[in-house]
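Subject: Structure for you to look through

Hello,

Please find the structure below, together with its sequence.

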Amino acid sequence: MIEPATNVKRSNLLPSGAIQQVLAFGALIVLVVVFSLASPNFLQFNNIVGILLATAVNGILALGVTFVIITGGIDLSIGTVMTFAAVMTGVFITNWGLPVWLGVLGGVLSGAAAGLVNGLVIAKLHIPPFIATLGMLNVAKGLALVIAELRPIYFNDDPAFNQIAMGSLLGMIVPGFEIPNAVLILFGLAFVASLILGRTVLGRYTYALGSNEEAARLSGVNVAVWKIAVYTLTGAFSGLAGVVIASRINSAQPALGQGYELDAIAAAVIGGTSLSGGKGTILGTIIGAFIISILTNGLRILSVPQEWQTVITGAIVVLAVYLDLVRRKR
Amino acid sequence: MEHPLVVMEGIEKSFPGVQALKQGRFELRSGEVHALCGENGAGKSTLMKILAGIYPKDAGRVMVGGEEVTLSSPGAALKRGISIIHQELNLMPHLTVAQNIFIGREPTRGLRFWLDEQELNARTAALFERMHLKLDPQAIVGDLTIAMQQMVEIAKALSYNARVLIMDEPTAALTDTEIADLFTLIRQLRTHGTGIVHISHRLEELKQIADRVTVMRDGQYIDTLPIAEASIERIIRLMVGRTIYEERPSRPNLGETAPLLEVRGLSRGRAVQNVSFTLRRGEIVGISGLIGAGRTELARLIFGADRKERGEIVIAGRTVNINRPSDAVRHGIGYLSEDRKHFGLATGLNVEVNIAMAAFQKFLAPLGVVRQSAVEGNAIRHVRDLAIKTPSLQQEVRFLSGGNQQKVVIGKWLTADTEILIFDEPTRGIDVGAKAEIYKLMNELAARGKAILMISSELPEILRMSHRILVMCEGRLTGELRSDEATQERIMAFATQREAVL
Ligand SMILES: Nc1ncnc2c1ncn2[C@@H]1O[C@H](COP(=O)(O)OP(=O)(O)OP(=O)(O)O)[C@@H](O)[C@H]1O
Ligand SMILES: [Mg+2]
């Protein structure tokens with residue numbers, strides 16, 4: 001009889017993927033320690049709230065894009081789809097006067113609809129995800145500008161809308177602990193995303209598609225349908241991000257959005273999601289999102305010019321991918 | 001009379017440039033093991049892929065249980081109870097064993113959306129229990145050896161409780177003990193009325209397991225025989241349409257020539273522990289052992305594909321530093337991987353480029369321009385010498401039949417013309433005719449002064465080809481035998497010589 005030990009080529013101390021997370025988490029701690037030593041302002045309550053708020057929008061986008069990246073695809077349209085969804089929310093609530101909850105639902109569905117189109121184009125017309133979503137990036141950007149008539153839409157008539165992201169449920173429960181709701185939303189969505197990824201059929205096929213699409217197809221999995229579902233889900237997350245960002249700045253800014261996709265993709269990749277598919281976790285993505293916003297925030301506090309911040313973030317992404325490669329090669 | 005389980009008639013199938021099936025025919029009864037034989041490229045896999053709903057047929061009829069059916073997708077075939085084990089592994093390396101086995105039909109709770117992972121693992125464990133397979137359902141498939149991955153494929157196909165089970169060379173990657181386990185399982189299934197199609201190039205197997213044999217040649221149906229009337233000689237004659245001349249190798253007297261390759265105390269973890277041996281010019285040394293004995297791991301260390309932890313490699317008296325495959329090639333070592341799909345071939349590229357690949361500098365004119373005519377000439381020669389069946393030199397390698405892909409790998413290393421050649425399961429998935437050619441070729445190479453290390457799980461092959469035999473068990477070298485003193489029994493004794501468990 002064969003001993004199980006000899007069946008396994010390499011024995012890993014940690015399940016694959018976990019090492020990258022540990023590394024990322026270590027990096028996060030190091031950043032916090034370095035910045036708090038470098039500047040007394042870093043650990044100020046207000047600054048921490050700022051970091052959390054800054055992570056919320058990018059984090060939600062990153063959650064969504066994690067799914068498509070695990071399938072071995074990519075979604076470049078998440079940033080402008082977010083804007084498109086924000087504008088739609090503005091149209092529903094301000095222009096049409098719909099109740100806030102209905103407007104929010106409409107915004108999320110607008111994002112999901114854009115994702116659905118992405119999915120259809122990719123799975124049915126067999127256009128590579130990079131091209132298909134690059135197209136959607138421009139379509140959503142243009143549509144947002146057209147619909148908003150090039151002007152921001154403000155939510156001044158509905159103060160409740162601003163409370164979605166900027167109110168503080170926590171502050172009501174624990175006075176003085178005024179963490180904005182946007183942060184709760186991020187963590188709530190992260191919880192939902194990890195349930196979907198780890199516990200549902202959709203999550204299983206997300207990994208399966210990225211690991212070996214052909215094998216899944218040969219096992220009778222309807223590959224096209226699940227791919228469409230994944231892109232739609234990613235679109236819905238962009239929609240949620242659109243609602244949160246609109247609520248946070250109390251307006252839908254049609255010119256905003258492009259560039260967000262790269263930060264979100266970077267967060268996922270730093271967190272250990274493999275661009276070649278099959279691998280990635282929600283926890284990793286959240287850690288990645290925090291690394292990016294802490295880095296941006298810390299460098300700003302240390303008065304590093306904006307341009308250099310961008311250079312450093314770029315280098316970190318490449319480093320993260322490289323570490324992943326090194327680990328896999330061994 | 002009861003209908004046969006499956007009847008296929010007048011099946012036609014063409015691919016660009018090849019007619020793979022002409023009037024293909026096949027019949028499967030319930031409760032029989034039906035062997036499908038034919039040379040590489042005869043169309044066996046194609047015929048079975050049509051039955052499994054993977055390829056659409058151009059013409060012909062398929063009947064399952066007496067009723068004509070259209071099998072438009074793998075899912076449709078599975079619904080009719082037809083499941084297939086593919087010749088090439090088709091697994092998802094990032095997922096666990098259990099997740100792979102039940103992909104597409106995961107046990108769920110509530111709304112058919114929430115996975116029941118516990119149930120998934122329990123069912124897999126029960127399945128392994130039935131198969132006498134010791135494997136953790138939660139192991140990640142990508143971490144398993146090829147042989148274990150093959151067992152996972154088999155387990156997956158069995159788990160469908162199919163009425164028709166097609167096995168396309170399931171034994172190619174397995175050793176004798178595992179094959180015996182598999183056959184026990186097949187016999188069990190047979191008594192339950194399952195119809196089993198068994199494709200294999202190991203003709204000796206057929207006597208043990210098959211009830212009938214169908215032979216194909218060049219995409220055509222040749223004949224179906226009950227096993228009692230199918231002697232190996234007769235099957236071979238039907239397969240190739242000629243008689244194969246098997247050359248007895250003459251073993252050279254190498255006397256006391258100095259070794260070309262010397263390996264001292266090579267170690268890496270538990271996989272390879274303190275292995276030392278020598279290899280001389282003109283010599284074929286066979287490495288035998290059970291699956292998991294560390295033979296491929298040893299080869300990969302010598303070739304620099306993995307990093308060694310201890311030990312040294314001496315070539316022609318000089319200690320060399322091999323840290324990566326390119327170092328090995330520079331020092332004249334070639335490695336023919338057992339896993340050609342992942343390491344041996346660029347399957348998306350064509351035949352001539354693949355053959356030239358390990359030695360591209362040979363085909364470069366000044367300024368790095370590729371001399372196309374030389375690439376072509378070289379490919380023509382090897383395609384002819386190795387009898388590679390391909391419609392043209394420009395055919396992408398992934399469209400060749402399994403056996404012909406293997407021959408392309410061999411052509412590649414012959415082009416590189418390295419002094420030391422490591423053949424890892426060189427005849428896996430190769431038909432008898434081609435096997436004889438490859439053996440002849442290896443003997444010629446040895447006679448020309450190359451040093452050959454051959455890893456093989458087939459004992460007859462080891463006994464037939466090797467001048468000297470090394471046996472490994474659990475990462476250690478447990479024995480060395482001269483060809484004249486080696487027998488299957490002695491090799492097996494060394495191969496199972498485990499360290500006493502303390
Ligand atoms: N997808 C494809 N595209 C083009 N040609 C193909 C394709 N699949 C098979 N062929 C060709 O069809 C013929 C039959 O191949 P098939 O794989 O059925 O052979 P086989 O009998 O299974 O051989 P082997 O024993 O080597 O596995 C071969 O000439 C092969 O090159
Ligand atoms: Mg085949």
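In which loop of chain A is the place of A:His126? A:His126 sits in the loop between α5 (100-124) and α6 (129-148) of chain A. Please bear in mind that this is a predicted model, with an ipTM of 0.85 and a pTM of 0.76.

Most residues other than glycine have a negative phi. A:His126 is also exposed, with a relative accessible area of 65%. In chain B, B:Gln23 has a positive phi of about 50° and is not a glycine either, but B:Gln23 lies in a strand, namely β2 (residues 18-28) of chain B.

Next, the strand β9 (residues 164-168) of chain B. Because 5 of its 5 residues are buried, β9(B) is largely enclosed by the rest of the structure. The cover extends to both faces, with B:Val164, B:Ile166 and B:Asp168 buried on one side and B:Leu165 and B:Met167 buried on the other. Strand β6 (residues 82-85) of chain B runs parallel to β9(B) and is joined to it by 4 bridges, and here B:Ser83 has B:Leu165 as its bridge partner. Strand β10 (residues 195-199) of chain B is also parallel to β9(B), to which 5 bridges join it, and B:Ile199 of β10(B) stands opposite B:Asp168. To get from β9(B) to β10(B), the chain passes through helix α7 (residues 176-191) of chain B, in a β-α-β crossover that is right-handed.

Then there is the second largest pocket, which has a volume of about 760 Å³. It is lined by 28 residues, of which A:Ala54, A:Asn58, A:Asp263, A:Ile292 and A:Thr296 are the closest to its centre. Elements α3 (45-70), α11 (223-249), α12 (260-270), α13 (282-301) and α14 (306-329) of chain A each give two or more residues to the lining, and α13(A) gives the most, with 8 residues. By type, the lining divides into 13 nonpolar, 12 polar and 3 charged residues.

Finally, a word on confidence in chain B, where the mean pLDDT is 86 and 95% of the residues reach 70 or more. Where pLDDT is low, the predicted coordinates should not be read in detail.

With best wishes

Notes
Residues are numbered from 1 along each chain as its sequence is written. Chains are lettered from A and ligands numbered from 1 in the order in which they are written. This is a predicted model: local features need pLDDT of at least 70, side-chain atom pairs count only at pLDDT 80 or more; totals for chains, interfaces and linings use all residues. Side-chain values use heavy atoms; hydrogens and water are left out. Buried means under 20% relative accessible area, exposed over 50%, partly exposed in between (1.4 Å probe, protein chains only). Two strands pair if DSSP finds at least two bridges between them. A crossover is right-handed if, with the strands pointing away from the viewer, the path from the first strand over the helix to the second runs clockwise. pLDDT is the predictor's confidence in each residue, from 0 to 100. On a 1 Å grid over the protein atoms alone, a cavity is a set of points where a 1.4 Å probe fits but cannot get out, and a pocket is an open set with protein on both sides within 12 Å along at least five of seven lines; lining residues have an atom within 4 Å of a point. Grid points are joined across faces, edges and corners, and a volume is the space filled by probe spheres set on the points. Ala, Val, Leu, Ile, Met, Phe, Trp, Tyr, Cys and Pro count as nonpolar, Asp, Glu, Lys and Arg as charged, and the others, Gly among them, as polar.
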